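Hi,

Here is the structure I promised to pass on, with my notes on it just below. Have it open while you read, if you can.

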Amino acid sequence: MELSALDKKRMPVHVALVMDGNGRWAQRRGLPRTDGHAAGEEALLDTVWGALDAGIRYITVYAFSTENWKRPVDEVRFLMGFNERLLMTRRDELDAKGVKVQFLGRRDWRVPKRVLKRIVETEEMTRDNTAMTLSMAFNYGGRAELVDAVRQIAASGIKPDKIDEKTIRQHLYDPTMPDPELMVRTSGEYRISNFLLWELAYSELVFTDVLWPDFRRGDLYAAIDEYQRRDRRFGGLSDADGS
Ligand code: IPE
Ligand code: IPE
Ligand code: MG
């Protein structure tokens, strides 16, 4: 789908993506699963540039979950190195285009020091960019994010009856990030897999059979087109019904 086919006035501010299907993409070609992860790099970059052209302000991608540590050590090692390399080779380009790169996830648990160092460097380098925020959900789990928030809230000594939704929001990994209006998952799996549990409360969910390495900006626009056809009610009535 072309960008020109979308309604400019109803673009989502924040799109979240579950980049799934790398392993199957590789297996179908008789390649090792890790080749599928490598092929996902082009999909990610094309999607990011496509989002930038569309004026989307926030893109959040699921790159490595807290559950992905269950995978074979070789695959985990590959993914750590792959994400580190991706940062090193792409951050200048992202920076030049005004993309702020940030990481959402547990930093003090399991992530190799060297990878963490690159993460922090990249965040510092791109901190003041304003064209778009690209959040990499890395060593990320929605439940872990909520556990981390609850720990901080408990440690702050706040009175239980003073805790409300705003308090929880303020302790998420990025308290300023608006909730995604749209979440897209590739590869024909119909689940959340512990992604952005708090933030997705009222997101529109779009699922596509496209495997992540084959995903391109046109697929992003097709998902946005589907989003634009949805009637978002937030528990109320749709505009057409009056209120
Ligand atoms: C998504 O692709 C990438 C990560 C989870 C890191 P998968 O590796 O899950 O690919 P499939 O689902 O096995 O095909
Ligand atoms: C979700 O995909 C995590 C990422 C894309 C990083 P998985 O492939 O890990 O999810 P499940 O195991 O199919 O639920
Ligand atoms: Mg998968």
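A backbone N or O atom of N22 lies 3.1 Å from an oxygen atom of ligand 1. Please keep in mind that this is a predicted model. On its own, ligand 1 would expose 380 Å², and the protein buries 86% of that. In total, 13 residues surround ligand 1. The closest are D20, G23, R24, R33 and R71.

Now to the fold. You will see an open sheet of 6 strands, with parallel pairing, in the order β3-β4-β2-β1-β5-β6. At its edges are β3 (99–104) and β6 (204–207), each of which pairs on one side only. Neighbouring strands in this sheet are turned by 20° against each other on average, ignoring direction.

Strand β5 covers residues 182–185 and pairs with β6 in the parallel sense, over 4 bridges.

Which helix lies across β1, β5 and β6? That is α7, made of residues 217–228. The helix runs at about 130° to β5, and the β1 strand it lies across spans residues 14–18.

Methods
Residues are numbered from 1 along each chain as its sequence is written. Chains are lettered from A and ligands numbered from 1 in the order in which they are written. This is a predicted model: local features need pLDDT of at least 70, side-chain atom pairs count only at pLDDT 80 or more; totals for chains, interfaces and linings use all residues. Side-chain values use heavy atoms; hydrogens and water are left out. Two strands pair if DSSP finds at least two bridges between them. Helices (H or I, at least four residues) and strands (E, at least two) are DSSP runs, numbered from the N terminus. Axes are lines fitted to C-alpha atoms, for helices over the stretch in contact, and angles run from 0 to 180 degrees between N-to-C directions. Contact means heavy atoms within 4.5 Å. A residue is near a molecule or strand if one of its heavy atoms lies within 4 Å of it. A polar contact is a pair of N or O atoms within 3.5 Å; within protein, one must be able to donate a hydrogen and the other to accept it, and residues adjacent in sequence count only if both atoms are side-chain atoms. Accessible areas come from the Shrake-Rupley method with a 1.4 Å probe; for residues, only the protein chains shown count as cover.
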